[in-house]
Every structure is written in C-alpha cells, then in structure tokens.
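Hi,

Here is the structure I promised to pass on. Have a look at it first, and my notes follow below.

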Amino acid sequence: FMQAPAAICILTGPKHRFELANSLYLRLIGRSNVVGLTVAEALPEVVEQGFIKLLDSVYATGRPFLGKELPLLIEAEGAEPSLSVLNFVYEPFRDLDGNVAGILVIVIDVTETVDAREKIDEARKRAEHSEQEQRVAREEADRLRAQAEQANDAKDQFFATISHELRTPLTSILGWAR
C-alpha cells in the first residue's frame, strides 16, 4: 500500500477521516501528515470543489465513483496553490455487517498527460492554420504569376505589333537610303 505507484488513501466513517495515506498521496495534496483528520479538516480547499459531496454520495449509496480528468486546486503547506488534473476512484468498502465503513481512494495525477495533449492539439491547430496560410499564399502567388504571364504576353504582342508596323516603313526607308 505504501509503496504503490499511485496516490492512495483510506477514509473511514461518514466524516471521511484519514486512516492511511501513502507518500504519493501526501505529495499530491502537499501535506506531510493527514492521518486522524477528516478530509474537510486536512483539505479545506476541496470542500467548495465538490469532492466532499462526491465522497458523501459514495458513502451513502455504496456505489463507487470514477473521476476522469477532474481538476483539483490544492493549497499546499508553504506553497502557491496548484492545479492538478486527476483520474481517481472512490471505492466504498464494507464492514462485517455489510454497511459502508469507508472509502478507498486511488488517484493518478494526469496533469502532465493532459498538458501534453493540449499542447499537441494547439500545435495541430497552428499547423492547420499555417497550412491555410500557405494555401492562401500559394493562391496569391498563382494569381500574381498569371498576371505576370498576361503582362509578358501583352508585352510580346506589343513588340510584335510594333515590329511589324515599323518594319514596313523602315524597309522602304532603308531601300531608298541604299
């Protein structure tokens, strides 16, 4: 339990008192020890974030809750508040009489994964935008190339016409001059 590669804690009773918390859980919540405290006492910032209501629901119904990529704002001891994104399960456990006695909490911090996915999505959007800009630039270049070709054709036609129009009188003048 204490060496598990996930943040784990055990909460007991309807007030959700910490029975055990492994080192990864303590690191996640930015606390050094929470055993014996209720969740509301140890982590007052989570009360308004809806996590206590979720725990209450799991305790009352006996049905587990699976949280996927939910944000959690933690105000760790001696540190700036930090936002983590978590995948977690609240799994109720029962006493010998079959009543819910507490909740096993298993948490995986997926903040880095979510951040990386968002950066990839942003890069993809920038690439798509860049592709659109490149397409527009290619279309503009094609339009300008067509205009240049038309201007070049008009120039060639002008010189051909001028050459023809000047050749006839110049031929006569050259003949007289000889």
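Which residue in β5 is the bridge partner of V89? It's I106. Keep in mind that this is a predicted model.

Next, the charges. I get 5 salt bridges in the structure, including these:

- R17 and E41 meet at 3.9 Å, N to O. R17 is in strand β2 and E41 in helix α2, so this contact ties together parts 24 residues apart in sequence.
- R31 and E45 have their closest N and O atoms 3.0 Å apart. Both are in loops, R31 between α1 and α2 and E45 between α2 and α3, so the pair links parts 14 residues apart in sequence. R31 is buried at 12% relative accessible area, and E45 is buried at 10%.
- E139 and R135 come to 3.4 Å. Both lie in helix α4, about one turn of the helix apart. E139 is partly exposed at 44%, as is R135 at 40%.

Last one: a patch of negative charge on the surface gathers D109, E112, D115, E118 and E122. Helix α4 (residues 111-177) supplies the largest share, 4 residues. D109 is in strand β5 and counts as partly exposed, at 41% relative accessibility.

Cheers

Methods
Residues are numbered from 1 along each chain as its sequence is written. This is a predicted model: local features need pLDDT of at least 70, side-chain atom pairs count only at pLDDT 80 or more; totals for chains, interfaces and linings use all residues. Side-chain values use heavy atoms; hydrogens and water are left out. Patches are made of residues with over 30% relative accessible area and no salt bridge: like charges are joined within 9 Å, nonpolar side chains (Val, Leu, Ile, Met, Phe, Trp, Tyr) within 5 Å. Accessible areas come from the Shrake-Rupley method with a 1.4 Å probe; for residues, only the protein chains shown count as cover. A salt bridge is a side-chain nitrogen of Lys or Arg within 4 Å of a carboxyl oxygen of Asp or Glu. Lys and Arg count as positive and Asp and Glu as negative; His and the chain ends are not counted. The place of a charge is taken as NZ of Lys, CZ of Arg, CG of Asp or CD of Glu. Helices (H or I, at least four residues) and strands (E, at least two) are DSSP runs, numbered from the N terminus. Buried means under 20% relative accessible area, exposed over 50%, partly exposed in between (1.4 Å probe, protein chains only). Two strands pair if DSSP finds at least two bridges between them.
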